[in-house]
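Welcome! Here is a short briefing on the structure shown below, sorted by topic.

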Amino acid sequence: MTQTPDTKPTPIAEQPDGTLKRRVAEALGLLLLVTCVGLGTYTLAFRSELDQAAARGKADLTLSTDRLRSGLGRYRELAVILAEHPTVLSLVFQQTELDSDLGALRVLQDKGADLLQSMADKTGSQSLMLVSRTGRVLAASQEHVMPIGARIAFDRAMDGALGVAHFVDTGGDRRFVYAAPVFEPGGAAQGAVIVSVDVELIEWGWPADPFAVYFTDTADVIFVSNRTELILAGGSAGDFPVVRKRVVGGHDVWNMSAGPYIPSSALHIKQPLPIIDMTGELLYDLSPVRSIARLQAGLAAAIAFAFGAFLVLATERRRTLSEANMRLEARVAKRTAALEIANRDLMREVAEREEAEARLRRAQADLVQAGKLTALGEMSAGISHELNQPLMAIRSFSENAQLFLDRGNADKAGDNLGRIAELSRRMGRIIKNLRAFARQENEAISDVDLSAVVDAALEMTMGKISGAGVSVEWTPQPKTYVRGGDVRLQQVVMNLVSNAVDAMHGHDPKTLCIVLENSDPVVLRIRDSGAGIADPDKMFEPFYTTKEVGAAQGMGLGLSISYGLIQSFGGSIRGSNPAGGGAEFVIELPRAEAQAKHPEEAAE
């Protein structure tokens with residue numbers, strides 16, 4: 001469209017002074033707005049990121065303090081344990097009596113020195129020594145003179161408490177010392193076992209932390225650190241490399257000057273450690289925090305600039321429109337028509353997308369239905385396996401009941417019929433579980449006596465066991481409750497027992513050993529004396545079987561289904577070939593709370 005002369009913009013040099021001043025003022029106001037928004041956003045973002053950095057730093061510091069405590073804790077326990085060792089007690093209590101017998105005293109001291117040297121070699125201690133109440137070194141692994149720095153710990157041990165001290169020895173090594181008192185029976189401390197630890201060995205085993213962590217004593221001297229340039233800095237030992245300290249949002253922010261491995265700007269976090277009389281401190285690098293804050297401030301400033309520029313341009317446009325309303329009516333009408341066309345196009349696109357979404361939902365529903373049908377197909381493949389053993393038992397009981405009736409033994413026949421009714425109920429629960437699985441539902445898990453489950457499973461399979469000539473080693477453990485389902489656990493046990501009997505075909509002797517361990521978790525072990533598992537890595541895969549084609553229960557689904565059932569109870573099942581031959585399956589199930597509430601039942 002050709003622009004008419006009266007619509008051409010006026011050059012800046014030809015604009016009135018009022019218009020030029022107004023535009024300069026608007027530009028300065030926009031610049032001030034962007035600056036304020038950027039600074040405000042940076043402050044808020046920095047404080048927010050600083051809070052998150054403080055939380056992460058506290059977690060890292062907690063891990064570091066736990067690492068130091070655990071590293072020193074084993075030497076603390078070593079000192080306490082050695083203080084009660086018979087050799088140490090004999091040397092402390094008999095050294096006065098043996099002063100006249102130097103030979104016997106020397107033998108006892110050599111025995112104590114050998115003990116201390118052995119323990120020092122095994123634990124990595126720098127030195128171990130046994131000191132009498134008078135300060136006399138009775139035995140030592142290396143040093144035979146008590147270090148001056150260990151005197152504080154020794155004096156505290158003589159007061160009857162565990163002594164702790166740290167110092168720098170004459171060789172420049174940093175040491176941590178524990179002194180455990182050796183008590184006379186019913187009396188006061190007569191000596192102390194002093195364990196000396198090289199702090200550098202503890203630091204050497206630490207992983208590389210991204211942040212500087214150090215531990216200061218009561219004199220603010222850094223005694224332990226993962227940064228060598230900070231060791232023994234601070235307090236009277238030397239100036240700590242802090243240029244400036246300030247508090248931002250309740251957090252200590254330090255500016256440092258300590259080399260390339262110490263952040264120039266760091267968040268300072270500390271945690272007291274009264275057990276070892278130190279304070280753990282961490283320097284969290286704030287460079288990432290400042291980068292995120294600058295990024296958010298830049299983004300906010302850009303949004304503010306865009307919004308402010310839009311306001312300025314909108315204002316200028318409205319002013320221009322008010323001055324040239326008549327000239328722009330045609331353009332507005334044309335643009336309105338274009339917008340209407342675009343709106344119609346947009347509405348048509350929205351309708352097309354809604355239709356596509358409806359088709360997608362229908363396709364998803366079809367896929368869900370197909371998945372359900374697939375699941376039902378997979379479950380139907382295992383129905384014959386799940387119901388085979390109860391059906392065989394019903395058949396056996398019914399045949400026995402008929403024989404008892406023929407013999408006039410109505411009591412035995414009624415007993416068998418009662419068992420058939422119970423098996424029918426159990427089959428109903430099995431089918432209910434299969435239907436629930438097809439609907440992705442589970443029967444409620446409850447407290448089940450696993451010993452009773454094993455008894456019931458053995459009763460169900462006793463005919464097969466006896467027919468195969470298998471001897472069973474099983475000692476019931478009544479009131480051993482686990483979390484699970486009664487019927488499903490019986491199926492698992494029956495499947496494992498049946499497989500074990502089949503596996504022992506052609507092997508002598510035939511022994512089935514079942515052991516129930518009333519622990520937490522409860523452990524059930526089923527072991528046979530057969531040929532073992534041919535391929536342990538595949539035994540829980542569906543349709544994997546080593547039985548002959550056409551054999552009963554040879555579809556390869558039993559162990560796969562058992563694995564799924566045990567997993568659904570929150571337990572585990574595994575199989576192996578033990579050294580003595582045969583195969584062993586181990587089932588671990590969560591211990592039921594019923595045993596905790598009724599301990600007297602578990603003890604019966």
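Accessible areas come from the Shrake-Rupley method with a 1.4 Å probe, and for residues only the protein chains shown count as cover. On that basis the chain has an accessible surface of about 34200 Å², with 57% of it belonging to carbon and sulfur atoms. This is a predicted model: local features need pLDDT of at least 70, side-chain atom pairs count only at pLDDT 80 or more, and totals for chains, interfaces and linings use all residues. Residues are numbered from 1 along each chain as its sequence is written, and side-chain values use heavy atoms, leaving out hydrogens and water.

**Overall make-up**
- The chain holds 14 helices and 18 strands, taken as DSSP runs (helices H or I, at least four residues; strands E, at least two) numbered from the N terminus.
- Of the 604 residues, 39% are buried, meaning under 20% relative accessible area, against over 50% for exposed and in between for partly exposed (1.4 Å probe, protein chains only).

**Helix α1**
- Val24 sits in helix α1 (residues 17-82) and counts as partly exposed because its relative accessibility is 44%.

**The five-stranded sheet**
- An open sheet with mixed pairing runs in the order β13-β15-β16-β18-β17; strands pair if DSSP finds at least two bridges between them.
- Its edge strands, β13 (471-474) and β17 (572-576), each pair on one side only.
- Strands β15 (residues 511-517) and β16 (residues 522-528) run antiparallel and are joined by six bridges.
- Within this pairing, Glu517 has Val523 of β16 as its bridge partner.
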